[in-house]
Every structure is written in C-alpha cells, then in structure tokens.
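Dear colleague,

Here is the structure I said I would pass on to you. Please have it open while you read the notes that come after it.

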Amino acid sequence: MRRRTVGRTAVLAGLVALTALATGCGIRTTSVPVDAGAAPSRVPCSVTQEGTTGSAVQGVPVRVFLVCGSQLEAVDRRSLPEEKAGGDPVRTASGLLAQLLAEPSESEQRAGFTTAVRGPLAVNGGHKGDPAGTLRLSRQPEDLAPTALSQLVCTFAASSAGAGEQTVLLGGPGGYPPKRYRCTTELRERPESTPPTTPPST
C-alpha cells in the first residue's frame, strides 16, 4: 500500500510539473500595448481583364485610379470611346472623369474597389492666359474631398490629359490660377493627404 501511495504521489507531481511547463510556454499578459502592425488585408485589389470593361462599349485601353485598401490602385478599362482616348486633352479628361464618377463594376467591387469622386462635376479647358494644357474643373480642386482630388490627379497625370512627369494642371471655375498637381508614390499610398503641387510653368 505504501509503495502505491508513493507511486501515485510521484505521478501527480510529474503532472503538475508538466502543466506548469506547458503554461509557461504560452503568451504572457502585459499591461504595455504592443503594436503588432496593421491587420492583414483580405482585399485582393486585383481585377481580371474581363471585369475591367465596365460596359459592352468597345474602346481603347485607359487607366483610372480607384480606391482599394485605403490606397489608390490603377485599374485598366476599355470603355473609353476612341475619340476621347487621345488627341484633345479636354475630351480625354472628360472621358476619364466619367469613368471615375461611375460606380465600379461588379467584379471591381468584389475586388474591393470604390471611388470617392462624386458629381456634379465637369472638366473644361483653361481660361485665357492659362498655361497650355490647363484643365478647369466645375468646382475648385481644393473644395473636393482629398481622396477624390487624388484620384483625379493621378488619373489625369497618367493620361494624355496630363502635363508630363506625372503632373496635371488643374484649376477651378473662378479666376484663381491653376496649380500643377503631382501624382507621387506617397500620394497613392495616402490618398487622403493633400496632393503635392509645383509652380506651373508659363
């Protein structure tokens, strides 16, 4: 009987020791906040070629910048009529603006794409005395939501409506001079920030 009692005691002591070791391998609680970084995004931000048409209208390839995962991502489409895809910067900008004002296609929405550009909004050519290539919006650029302005800047700057070197000359309907807005990597990563500007060349 005594040997059995001693044996049971030894087994119980071993189990307690193992439990303590297993508990020690867990994550210790701490009162200090730990920055584990942003949660991994499950949004793919990628659309198949079939999903980028947006409509049955055939056209030439164009690229617009939409919002996905709090950043700007380029989306290729083929729904811009050929006459608006090149040549006249105002017609090109008008076609691109229509793309940004439209709701993303179903496949784009499934991939996480949205647009912050809201109407009513139109684009026209520059005023007399404006630098060549100036585009005038029907609303002052500074009055638009920062993300919407970032979408416009990057979309126009990447097209034939831009002023070169990833920039676009934008103004509003009033007499304020246009500004040369630049689409940068930082702006695409943080579209809610103010797009950087440089003095327009005369």
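Gln-166 sits in the loop between helix 4 and strand 5, where helices (H or I, at least four residues) and strands (E, at least two) are DSSP runs numbered from the N terminus. Its phi is near 60°, a positive value in a residue other than glycine. Glu-165 belongs to that loop between helix 4 and strand 5 (167-171) as well, and has a phi near 55°, again positive in a residue that is not glycine; at 68% relative accessibility, Glu-165 counts as exposed. As background, most residues other than glycine have a negative phi, and most peptide bonds are trans. With that in mind, please also look at the peptide bond from Gly-119 to Pro-120, which is cis, with omega near 0°; Pro-120 lies in the loop between helix 3 and strand 3.

Before going further, a word on how to read all this: the model is a predicted one, in which local features need pLDDT of at least 70 and side-chain atom pairs count only at pLDDT 80 or more, while totals for chains, interfaces and linings use all residues. Residues are numbered from 1 along each chain as its sequence is written, and side-chain values use heavy atoms, with hydrogens and water left out.

As for the overall layout, the protein has five helices and seven strands, and read along the sequence they follow the pattern α-β-β-α-α-β-β-α-β-β-α-β. Of its 202 residues, 33% count as buried. Among contacts (heavy atoms within 4.5 Å) between residues at least 6 apart in sequence, 56% join residues at least 24 apart.

Helix 2 (residues 89-101) and helix 4 (residues 146-157) pack at an angle of about 140°, with their axes 10 Å apart; the axes are lines fitted to C-alpha atoms, for helices over the stretch in contact, and angles run from 0 to 180 degrees between N-to-C directions. That makes helix 2 oblique to helix 4, given that angles under 35 degrees count as roughly parallel, over 145 as roughly antiparallel, 65 to 115 as roughly perpendicular and the rest as oblique. On the helix 2 side the contact is made by Ala-93, Leu-96, Leu-97 and Leu-100, and on the helix 4 side by Gln-151, Leu-152, Thr-155 and Phe-156. These residues divide into six nonpolar, two polar and no charged (Ala, Val, Leu, Ile, Met, Phe, Trp, Tyr, Cys and Pro count as nonpolar, Asp, Glu, Lys and Arg as charged, and the others, Gly among them, as polar).

Gln-151 also turns up in another contact: leaving out residues up to four places away in sequence, Ala-116 touches Thr-147, Ala-148 and Gln-151. Ala-116 lies in the loop between helix 3 (106-110) and strand 3 and, at 26% relative accessibility, is partly exposed.

Turning to charged side chains, a salt bridge here is a side-chain nitrogen of Lys or Arg within 4 Å of a carboxyl oxygen of Asp or Glu, and by this rule the count comes to five. In one of them, Arg-63 pairs with Asp-76, the closest N and O atoms being 2.9 Å apart. Arg-63 lies in strand 1 (residues 60-68) and Asp-76 in strand 2 (residues 71-80), so the pair ties together parts that are 13 residues apart in sequence. Arg-63 is partly exposed at 43% relative accessibility, and Asp-76 is partly exposed at 33%.

Another salt bridge joins Lys-179 to Glu-142, with the closest N and O atoms 3.0 Å apart. Because Lys-179 lies in strand 6 (residues 179-182) and Glu-142 in the loop between strand 4 (135-137) and helix 4, this pair ties together parts that are 37 residues apart in sequence. A further one links Arg-136 and Asp-130, also with closest N and O atoms 3.0 Å apart, and there Arg-136 counts as buried, at 4% relative accessibility.

Technical notes
Buried < 20%, exposed > 50% of the residue type's maximum accessible area, 1.4 Å probe, protein only.
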